[in-house]
Amino acid sequence: VYSNYTYDGEAAPEEAAGGEGGSVEVDNSAAHGRKLIKNVDMTVETEDYSTLVAAVQDKVKVLNGYIEHYNENSIGRRSANLTLRIPAENLEAFVSRVNEISNVVSRQESIDDVTLQYVDLESHKKMLEEEQKRLLELMEKAETMEDIITIESRLTEVRYQLESMEAQLRTMDNQVNYSTVYLYINEVTRLTPP
């Protein structure tokens with residue numbers, strides 16, 4: 001039996017305060033003004049499946065993270081695929097805890113620096129906000145119906161682009177502030193040797 005849950009009830013705030021083997025040592029992105037999206041992909045195994053799943057869920061909660069996706073196979077040897085969102089500053093604590101309580105079969109970590117993309121979006125957004133302000137001023141002075149229609153048309157385009165950019169910036173902020181952990185848990189009768 002497969003069960004597939006998406007937890008929306010504990011969604012992260014949109015605005016907060018993003019190699020196999022070794023850990024990634026990177027200073028907190030806020031300290032350097034960098035926008036870093038961090039992802040961890042781990043496959044682990046355990047002989048005590050229920051205890052491990054409960055411990056992972058507890059640790060996520062303690063670290064102020066949330067479960068974005070949970071998919072479990074409960075036929076035969078149990079397994080689970082979890083997508084977890086962990087505050088970036090707590091990522092290393094979470095990964096260390098998973099290392100302690102399970103047998104890690106594989107682990108990959110990646111960091112994507114989106115600082116330039118973020119700054120570019122912010123800059124473009126400011127330009128559009130200025131254009132929107134000018135268009136609203138022109139609208140007040142418009143005298144002909146043709147002018148009003150032309151200004152309204154451009155204003156609609158600018159507002160659409162602004163909304164799109166704001167959504168992209170919110171998404172990027174969420175990815176930077178909450179690292180993503182893809183965790184695959186397998187129940188085994190005997191652990192794989194290191």
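Trainee: Is Asn 64 buried or exposed in this predicted model?
Mentor: The relative accessible area of Asn 64 is 55%. The cut-off for exposed is over 50%. Asn 64 is therefore exposed.

Trainee: In which loop is Asn 64 found, and what is its phi?
Mentor: Asn 64 sits in the loop between α2 and β3 (66-73). Its phi is positive, although the residue is not glycine. The value is near 65°.

Trainee: How do the axes of helix α2 and helix α3 cross?
Mentor: Two packed helices are described by the angle between their axes and the distance between the axes. Helix α2 covers residues 49-62 and helix α3 covers residues 91-101, and their axes come within 11 Å. The crossing angle is roughly 165°.

Trainee: What does that angle make of α2 relative to α3, and what is the handedness of the crossing?
Mentor: Angles over 145 degrees count as roughly antiparallel. The angle therefore makes α2 roughly antiparallel to α3. As for handedness, the crossing of α2 and α3 is right-handed.

Trainee: Which residues make the contact between α2 and α3?
Mentor: From α2 come Leu 52, Ala 55, Val 56, Lys 59 and Val 60. From α3 the residues are Ala 93, Phe 94, Arg 97 and Ile 101.

Trainee: Which strands pair with β2, and in what sense?
Mentor: Strand β2 spans residues 36-46, and nine of its 11 residues are buried. With strand β5 (residues 103-113), β2 pairs over 10 bridges in the antiparallel sense. With strand β6 (residues 178-187), β2 pairs over eight bridges, and the sense is parallel.

Trainee: Which residues are linked with Arg 107 in a network of salt bridges?
Mentor: Arg 107 is the bridge partner of Met 42 in β5. Side chains of opposite charge can pair when their charged atoms come close. The network joins Arg 107 to Glu 92 and Glu 109.

Trainee: How many salt bridges does the structure hold, and what is the N to O distance between Glu 129 and Lys 125?
Mentor: The structure holds 10 salt bridges. Glu 129 and Lys 125 both lie in helix α4 (residues 115-141), four residues apart, about one turn of the helix. Glu 129 is partly exposed at 33% relative accessibility, and Lys 125 is partly exposed at 21%. Their N to O distance is 3.8 Å.

Trainee: Where do Arg 154 and Glu 131 lie, and how far apart are the closest N and O atoms of their salt bridge?
Mentor: Arg 154 and Glu 131 form a salt bridge. This pair links distant parts of the chain, with Arg 154 in helix α5 (residues 145-177) and Glu 131 in helix α4, 23 residues apart. Arg 154 is partly exposed, at 26% relative accessible area, whereas Glu 131 is buried at 19%. The closest N and O atoms are 2.6 Å apart.

Methods. Residues numbered from 1 in each chain as written. Predicted model: local features only at pLDDT ≥ 70, side-chain atom pairs only at ≥ 80, totals over all residues. Heavy atoms only, no water. Buried < 20%, exposed > 50% of the residue type's maximum accessible area, 1.4 Å probe, protein only. Helix = DSSP H or I, 4+ residues; strand = E, 2+ residues; numbered from the N terminus. Pairing = 2+ DSSP bridges. Salt bridge = Lys/Arg side-chain N within 4 Å of Asp/Glu carboxyl O. Axes fitted to C-alpha atoms, helices over the stretch in contact; angles between N-to-C directions. Parallel < 35°, antiparallel > 145°, perpendicular 65-115°, else oblique. Left-handed = near helix turned anticlockwise from the far one by under 90°. Contact = heavy atoms within 4.5 Å.
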